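Hi everyone, thanks for coming along today. Have the sequence and the structure open beside you, and let's walk through them together.

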Amino acid sequence: MQSINQLFTEKYRPSNLEELILPERVMNKFKDGLVQNMLFAGSPGTGKTSTAKALVNQFELPYLYINASTDTSVDVIRTKIIDFCSTVSIIDKAGMFKVVILDEVDGVSDQFFKALRATMEQFASNSRFIATCNYINKLPDPILSRFEVINFDFDKEEETELTKKYIKRVYEICKKEGMTIEKPALVEFVRRNFPDLRRTLNKLQGYKTQGNTNITTEDVKKFNSIYKDVFELVFNETDPAKNYQLLVSDYANKVDDILQTLGEEFIEYIQQEKTTYIKHIPQIIITVAKHQAQRVHVIDPVITMLSCIYEIQLIILAK
């Protein structure tokens, strides 16, 4: 198992607005800077979080980042957010907004939403809020009314133009990483993963971690993932002590990524490479969903990851 030091998704995350790959209608929203609260809604991997971070970097705004999918407690507002919005730093410029980024806000509690409403009103004079979500239907109307909602999903006309930009971005990253990819393979690779750029980059990194730096069309047609070694461990390594050592040493700081990929790419892996286990997919999905829900309620999230993998192995061994 090869340790992943830095994910491509972070290494190549845009640092300013010009580097983003977004429809023109979305980019036009930012030409005057951040003047009101904004909610970025849309499918995973379409640039919501990157846009929020690029905005604060572009305009050099002091900001607080909250991963709302894990920090779901109302105490986050009472401590982190209120403390941030109420304090004044000597390095803050006069008239400059503070910004609170609430990533994946569709996963918080009703109490969180109620406290958020009051906090946004309390600090309306000096703070702005940027929230992201995948499922806008999970947000109550009183919260939606406090944001300008921006849809990050693409229409057909936008897809054509943005696909070209995705192809260019993947090609540029390949060059920087000392990798080559055949033109037909590049087009097919982007097409298969569009519009999820995060998924695209994770799979691209998967080729490199597996030692494949010359990607062909045949490679693209095969299953690939940056976490393929974890999937293979699930099927091939039955020693729980060895599993513990490998997973803790290499993935203790990537628990959320592992739990997410077990519910997505792992299923694809089974369908393509472990077809005799397809009948277990419902049980595996239920197990992963249970552990994803438990993730925010445990003291040590690594235990949740280990528990999930051990339970999947029990399902597989019971074939």
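Let's begin with glutamate 268, which sits in helix α14. This is a predicted model, so please keep that in mind throughout. Is glutamate 268 buried or exposed? Its relative accessibility is 17%, and buried means under 20%, so glutamate 268 counts as buried. And what does glutamate 268 touch? Leaving aside residues up to four places away in sequence, its contacts are Arg199, Lys203 and Phe223.

Now widen the view to the rest of that helix. The buried residues of α14 are Glu265, Phe266, Ile267, Glu268, Tyr269 and Ile270. They pack against α9, α11, α13, α15 and α16.

Of those partners, let me pick α15. The α14 and α15 axes lie 11 Å apart, and the two helices pack at an angle of about 165 degrees. Angles over 145 degrees count as roughly antiparallel, and therefore that is how we describe α14 and α15. The crossing of α14 past α15 is right-handed.

The largest one has 31 residues, and the members that touch the most others in it are Leu262, Phe266, Ile309 and Ile312. Which helices each supply at least two of its residues? They are α11 (228-236), α12 (240-251), α13 (255-263), α14 (265-273), α15 (281-294) and α16 (301-317). With eight residues, α16 gives the most to this core.

Take isoleucine 309 as an example. Not counting residues up to four places away in sequence, isoleucine 309 touches Val230, Leu233, Val234, Leu247, Ile258 and Leu262. There is also another core, lying apart from the largest one, with 27 residues; among them are Val76, Cys85, Val108 and Phe113.

Next, have a look at α8. Its buried residues are Ala185, Leu186, Glu188, Phe189, Val190 and Asn193. The elements covering them include α7 (156-176), β6 (180-181), α9, β7 (214-215) and α10 (217-221).

Proline 195 is in the loop between α8 (183-193) and α9 (197-209). The peptide bond leading from phenylalanine 194 to proline 195 is cis, with omega near 5 degrees.

Glutamate 60 is not a glycine, yet it has a positive phi of about 50 degrees. You will find glutamate 60 in the loop between α3 (48-58) and β2 (63-67). Exposed means over 50%, so glutamate 60, at 54% relative accessibility, counts as exposed.

The other one is glutamate 104, again not a glycine, with a positive phi of about 55 degrees. Glutamate 104 is in the loop between β3 (98-103) and α5 (110-122). How does its accessibility come out? At 34%, glutamate 104 counts as partly exposed.

Definitions and conventions: Residues are numbered from 1 along each chain as its sequence is written. This is a predicted model: local features need pLDDT of at least 70, side-chain atom pairs count only at pLDDT 80 or more; totals for chains, interfaces and linings use all residues. Side-chain values use heavy atoms; hydrogens and water are left out. A nonpolar core is a set of buried Ala, Val, Leu, Ile, Met, Phe, Trp, Tyr and Cys residues joined through side-chain atoms within 4.5 Å. Buried means under 20% relative accessible area, exposed over 50%, partly exposed in between (1.4 Å probe, protein chains only). Helices (H or I, at least four residues) and strands (E, at least two) are DSSP runs, numbered from the N terminus. Contact means heavy atoms within 4.5 Å. Axes are lines fitted to C-alpha atoms, for helices over the stretch in contact, and angles run from 0 to 180 degrees between N-to-C directions. Angles under 35 degrees count as roughly parallel, over 145 as roughly antiparallel, 65 to 115 as roughly perpendicular and the rest as oblique. A crossing is left-handed if the near helix is turned anticlockwise from the far one by less than a right angle, and right-handed if clockwise.
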